[in-house]
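Work through the following exercises with the coordinates open. Each task is followed by a solution in steps.

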Amino acid sequence: GDALATVIKSIGEQTAVARQVLAVLETGPEAPGDTAFLKAALDRLSRISGDGYADVNHSIRAIYSSLADLNDDLETLRQLAALDHDSAEISGARAYIASADVPESEYPNLVIDRETLLTGLSPASLTRSRGRGWSAIARDAAAFKVRYAQAYGEHHKRFHDVLPAFQATLTTAKKKSAALGLLNTIAELGTPEGTGLEKDLAELAVGPAPCSQSGSELDLATEPNCPECQIGLAQTVPAAELARLTPQVDMALGGKTRELSRQLVEKALAGRTDERWQELLQIVQASELSSLANTLDNNL
């Protein structure tokens with residue numbers, strides 16, 4: 001009788017510990033969604049009660065149609081309770097790996113390792129009686145961090161090597177596009193050109209500010225992205241798209257400025273201009289596209 005009471009008490013204590021473990025494993029933005037059956041097992045075990053053999057037996061028979069199911073729940077309880085001291089570390093490892101956005105096209109092996117680890121770090125896998133166990137998965141998680149950090153450091157360097165020139169070119173292209181938009185409002189210059197270019201340029205991500213972190217100084221121990229610029233491994237500089245749009249802006253703006261110059265010249269030759277028209281003609285003729293884009297506004 002005393003032994004039976006001790007067992008029932010032990011089940012209750014382990015169930016409380018297991019619930020705390022589950023609560024930790026379910027925290028964070030990447031919480032797993034496969035814990036319902038674990039909670040159900042703990043709920044069933046918590047309903048076992050009785051003052052003697054007969055009462056306990058009746059309680060078990062009312063809850064379980066098969067004693068094999070009781071054995072499975074007890075094994076689940078044992079596995080969960082065994083994770084008590086590691087649950088916070090497990091949750092942190094899963095959150096880190098889940099937040100590591102790895103593009104499959106560039107890092108296929110790293111993607112496979114990531115998915116394998118996420119599966120192994122799920123409560124369902126960790127509580128499997130013949131599973132690999134947290135100690136083995138922890139070694140794999142540490143190895144993944146090393147490989148990921150190396151790939152991220154190289155990507156971070158390439159990204160910030162390209163970014164300044166891209167941002168400068170994008171700023172210039174937007175100024176030209178704005179100037180083109182102003183010239184398109186002058187009906188005498190003909191049909192508007194490049195009307196969708198300003199929208200296309202606006203959709204290009206400008207990117208972060210310059211980052212002071214270098215590949216060798218990056219600390220990715222606690223989070224998978226640079227703590228300063230926060231770029232992801234899958235984030236790229238849309239330089240190719242900008243290279244496609246920039247000539248279109250130049251061509252459209254060049255066409256409009258040539259038409260503007262032509263009309264101003266005609267007015268000058270016909271003697272229908274005053275001093276301000278001649279000054280404007282000189283500005284347009286002397287300006288490169290980038291200079292014109294910097295000076296052209298509604299007033300001008």
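**Exercise 1.** Determine whether Asp 73 is buried or exposed in this predicted model, and list its contacts beyond the sequence neighbourhood.

*Solution.* 
Step 1. Locate the residue: Asp 73 is part of helix H4, residues 67-82.
Step 2. Take its relative accessibility, which is 6%.
Step 3. Apply the cut-off: buried means under 20% relative accessible area. Asp 73 therefore counts as buried.
Step 4. Set aside the neighbours within four places in sequence; Asp 73 then has contacts with Ala 41, Arg 44, Leu 45 and Tyr 64.

**Exercise 2.** Classify the packing of helices H5 and H6 by crossing angle and handedness, and describe the residues that meet.

*Solution.* 
Step 1. The axes of H5 (residues 87-99) and H6 (residues 108-120) come within 10 Å, and they cross at roughly 150 degrees.
Step 2. Compare with the cut-off: angles over 145 degrees count as roughly antiparallel. H5 and H6 are therefore roughly antiparallel to each other.
Step 3. Assign the hand: the H5 and H6 crossing is left-handed.
Step 4. List the contact residues. H5 contributes Arg 94, Ile 97 and Ala 98, and these meet Arg 114, Leu 117 and Leu 118 of H6.
Step 5. Sort them by type: the contact of H5 with H6 has four nonpolar residues, two charged and no polar ones.

**Exercise 3.** Find how many aromatic pairs there are, and characterise the pairs that Tyr 148 forms with Tyr 96 and with Phe 144.

*Solution.* 
Step 1. Count ring pairs with centres within 6.5 Å; the count comes to three aromatic pairs.
Step 2. Take Tyr 96 and Tyr 148. Their ring centres are 6.4 Å apart with 80 degrees between the planes, an edge-to-face pair.
Step 3. Take Phe 144 and Tyr 148. This pair is stacked, with 6.0 Å centre to centre and 20 degrees between the planes.
Step 4. Explain the spacing: Phe 144 and Tyr 148 are separated by about one helical turn because they are four residues apart in helix H8.
Step 5. Check Phe 144, which counts as buried at 0% relative accessibility.

Terms used: Residues are numbered from 1 along each chain as its sequence is written. This is a predicted model: local features need pLDDT of at least 70, side-chain atom pairs count only at pLDDT 80 or more; totals for chains, interfaces and linings use all residues. Side-chain values use heavy atoms; hydrogens and water are left out. Axes are lines fitted to C-alpha atoms, for helices over the stretch in contact, and angles run from 0 to 180 degrees between N-to-C directions. Helices (H or I, at least four residues) and strands (E, at least two) are DSSP runs, numbered from the N terminus. Angles under 35 degrees count as roughly parallel, over 145 as roughly antiparallel, 65 to 115 as roughly perpendicular and the rest as oblique. A crossing is left-handed if the near helix is turned anticlockwise from the far one by less than a right angle, and right-handed if clockwise. Contact means heavy atoms within 4.5 Å. Ala, Val, Leu, Ile, Met, Phe, Trp, Tyr, Cys and Pro count as nonpolar, Asp, Glu, Lys and Arg as charged, and the others, Gly among them, as polar. Rings of Phe, Tyr and Trp (its six-membered ring) pair if their centres lie within 6.5 Å; planes under 30 degrees apart count as stacked, over 60 as edge-to-face and the rest as tilted. Buried means under 20% relative accessible area, exposed over 50%, partly exposed in between (1.4 Å probe, protein chains only).
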